[in-house]
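Student: I would like a close look at a single part of this structure, namely one chain and the way in which it packs against its partner. Please take me through it in one connected account.

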Amino acid sequence: MSAMLLTASTSTGEAVAFWVLAPIALVAGLMIVLSRKAVHSALWMALTMIVLAVFYIMLGGVFLGVVQVVVYTGAVMMLFLFVLMLVGVDASDSFVETLRAQRAITVLLALGFGGLVIAGIGRVTFPDAVGVGAANAAAGGHVQALAELIFTRYVFPFEVISVLLITAAVGAMVLTHRERLVPRKTQRELSQDRIRGGHPTPRTTPGVYARHNAVDTPALLPDGSPAAVSVPEQLSRRGSSRAQASGESDAAIEAGDS
Amino acid sequence: MNPINYVYLAALLFTIGAAGVLVRRNAIVVFMCVELMLNASNLAFVSFARINGNLDGQVVAFFVMVVAAAEVVVGLAIIVTIFRTRRSASVDDPNLLKL
């Protein structure tokens, strides 16, 4: 491994890996943009991240490759998926253009930009690749070499970045914090509400005798009519209850499922 | 194979990300495209580190990764806050600041 990284040119194995993985990365990148559903975009994104981690390792950045997998596919993508679940997974993007010819102009701009950058790279003469093997060997190992750089030459950016991370964490907490507008009910008030509210027993669970046992499907009463009270209040307030969504009768719910 | 191919790939990925930021309406997907652009620049940094034979590029890529993580945290918090008030994650809808 270290001998390979020392050499200037790449081995055949690396060339094969590159030409196999580069199209995968490109297709996955395109699919992030082209997928209609945000969840699919997120999964394609995870694939791109893993392929990029392999590239980092091929380029001699073993530590960076591992960090890429841990931070990106582990933490960042999971954060994305959490927020997607919070916002609603089934929400797919509307493909109606609000700006006229936006997509055509974007494609044109992208082609122009990509052409410019690639032509620019093509015109530059790069020196023969050195490989990071010598730099690693000078410090006695790859991680040691990185640590030496981070804690000597880049120690100030390192500290600044730690401040940035703390600020981001505090900022996220401030942004997502919700003030309580009404005081929390005590256990006594809760039990009083329950006894005086006319329904002292636990409410029917959703989905009893219905076709589904999902929380948005109301339970069926003995006469076959759906019990709207069995669906959680939040869902019916949001309009996600199946009883509201597809009429009152079981037949309508059935038709809504198929 | 010349290691410069990695830089070409990085340029292509960056272009795809930029196009996605311009064309997509869902704020979360826009964020993913920004992440793709940051990752493409990271790939370029790491390949330059190899071409030049020093590890500075890898250290900078490491810093970019941390900044990207911080950006995702704050960005997603903003998206969640907007979603709570406007019930939408589309970047077309938050137009309250418009005259």
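Tutor: The account below begins with the chain itself and then turns to its contacts.

This is a predicted model, in which local features need pLDDT of at least 70 and side-chain atom pairs count only at pLDDT 80 or more, while totals for chains, interfaces and linings use all residues. Residues are numbered from 1 along each chain as its sequence is written, and chains are lettered from A and ligands numbered from 1 in the order in which they are written.

Chain B has three helices and zero strands; helices (H or I, at least four residues) and strands (E, at least two) are DSSP runs, numbered from the N terminus. Along the sequence the pattern of chain B reads α-α-α. The radius of gyration of chain B, 17 Å, is well over the 13 Å that the globule rule gives for 99 residues, so chain B is more spread out than a compact globule. That radius is taken over C-alpha atoms, and the rule is 2.2 Å times the number of residues to the power 0.38. The C-alpha trace of chain B spans about 50 × 25 × 20 Å along its principal axes. Of the 99 residues in chain B, 58% are buried (20 or more other C-beta atoms within 10 Å of the residue's own; exposed means 12 or fewer, partly exposed in between, with C-beta atoms placed from the backbone).

Next comes the interface. In chain B, 61 residues are in contact with 71 residues of chain A, contact being defined as C-beta atoms, placed from the backbone, within 7 Å. Helix H1 (4-23), helix H2 (27-52) and helix H3 (56-86) of chain B each supply at least two residues of the side that touches chain A. The largest share of that side, 21 residues, comes from H3(B). By residue class, that side of chain B comprises 44 nonpolar, 11 polar and six charged residues. Here Ala, Val, Leu, Ile, Met, Phe, Trp, Tyr, Cys and Pro count as nonpolar, Asp, Glu, Lys and Arg as charged, and the others, Gly among them, as polar.

One helix pair may be examined in detail. The axes of H2(A) and H1(B) come within 9 Å and cross at roughly 10°; axes are lines fitted to C-alpha atoms, for helices over the stretch in contact, and angles run from 0 to 180 degrees between N-to-C directions. That makes H2(A) roughly parallel to H1(B), a term for angles under 35 degrees, with over 145 counted as roughly antiparallel, 65 to 115 as roughly perpendicular and the rest as oblique. The residues making this contact include A:Phe18, A:Ala22 and A:Leu26 of H2(A) and B:Leu9, B:Leu13 and B:Ile16 of H1(B).

Leaving aside neighbours within four places in sequence, B:Leu43 is in contact with A:Leu52 and A:Phe55 of chain A, and with B:Tyr6, B:Leu9, B:Ala10 and B:Leu13 of chain B.

Notes. Contact = placed C-beta atoms within 7 Å.
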